[in-house]
Amino acid sequence: MIIDIEVNYNQYESGKIKNTLYLGNLQERQIKSRDKYQQIKCVKQINLNNFDYYKKGNFLYHSYMMEENSHKKRNDLLEIVDINLEYLSDISYNEIKKLDEKDLRWLLYIFVCKDKDLKEQLYQEKRVMGIVSKKLEEVTQYLDELLFYDPDQLREEGMKNHYRKEEKIEIAKKMLEDGISPEFVQKYTLLTKKKIQELQS
């Protein structure tokens, strides 16, 4: 099995698409030649979401590729587990304290509990969870230093996007000058209706 763990703070369409494409990529990378199809491993994605993916109020969701009416799995090559951390935010400390220490809700509550004293009461006697708690504090304190990015590369990407938008505007102007309908121009340049109206005036 190949396991991919994702941490998702916000729910947005491009994030869903990115995750799905990445799963396909993990499966495709396993194939080196035709005879390797029999050896392909299941890809399991575990999403730690700061939101309720399906908005049903559940803590855990399992997704598979399956037939719609019979709900029979097509194969065992793909499994997605969405964990709703928002669910844990609504549970009281007393409820969490009653749970078995092997319960996933008990283990993951450490990520949503903001009260340091409560966290210590819950996890202080557990060696591994104590280490996790300390690491979480370090990550929270030095988050900016732990984010790896190249500011020059980000600036360059921003400039490329700016020039692409300028090119679209120029193309839209020429199309409008040639008498092409604003709806058609908007459809193919993906500029906003407001921007097209500005260009018309």
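Strands are DSSP runs of E with at least two residues, and helices are DSSP runs of H or I with at least four residues, both numbered from the N terminus. The model is predicted, so local features need pLDDT of at least 70 and side-chain atom pairs count only at pLDDT 80 or more, while totals for chains, interfaces and linings use all residues. Residues are numbered from 1 along each chain as its sequence is written, and side-chain values use heavy atoms, with hydrogens and water left out.

Let us stay with Asn8 for a moment. Buried means under 20% relative accessible area, exposed means over 50%, and partly exposed lies in between, with a 1.4 Å probe and protein chains only. Asn8 counts as buried because its relative accessibility is 15%. A contact means heavy atoms within 4.5 Å. Not counting residues up to four places away in sequence, Asn8 touches Asn19, Asn47, Leu48, Asn49, Asn50 and Phe51.

Now to the sheet. Two strands pair if DSSP finds at least two bridges between them. Here 4 strands form an open sheet in the order 1-2-4-3, with mixed pairing. Strand 1 and strand 3 (60-64) stand at the edges with a single partner strand each, so one side of each has no neighbour in the sheet. From one strand to the next, the twist averages 15°; axes are lines fitted to C-alpha atoms, for helices over the stretch in contact, and angles run from 0 to 180 degrees between N-to-C directions. Strand 2 and strand 4 pair in the parallel sense over 7 bridges, and Ile46 stands opposite Val81 in strand 4.

Helix 1 lies across strand 1, strand 2 and strand 4, and runs at about 165° to strand 1. Its buried residues are Gly15, Asn19, Leu23, Leu26 and Gln27. These cover an arc of only 120° around the axis, which puts them on the same side of helix 1; the arc is that of the directions from the helix axis to the C-beta atoms. An α-helix has 3.6 residues a turn, so residues three or four places apart point the same way. The buried residues of helix 1 pack against strand 1 (2-8), strand 2 (43-49) and strand 4 (78-84). On the face turned away from the buried side, helix 1 carries the exposed residues Glu13, Leu21 and Glu28.

Finally, look at Lys119 in helix 5 (residues 116-123). Lys119 counts as buried because its relative accessibility is 14%. Leaving aside neighbours within four places in sequence, Lys119 is in contact with Ile110, Cys113, Gln124 and Ser133.
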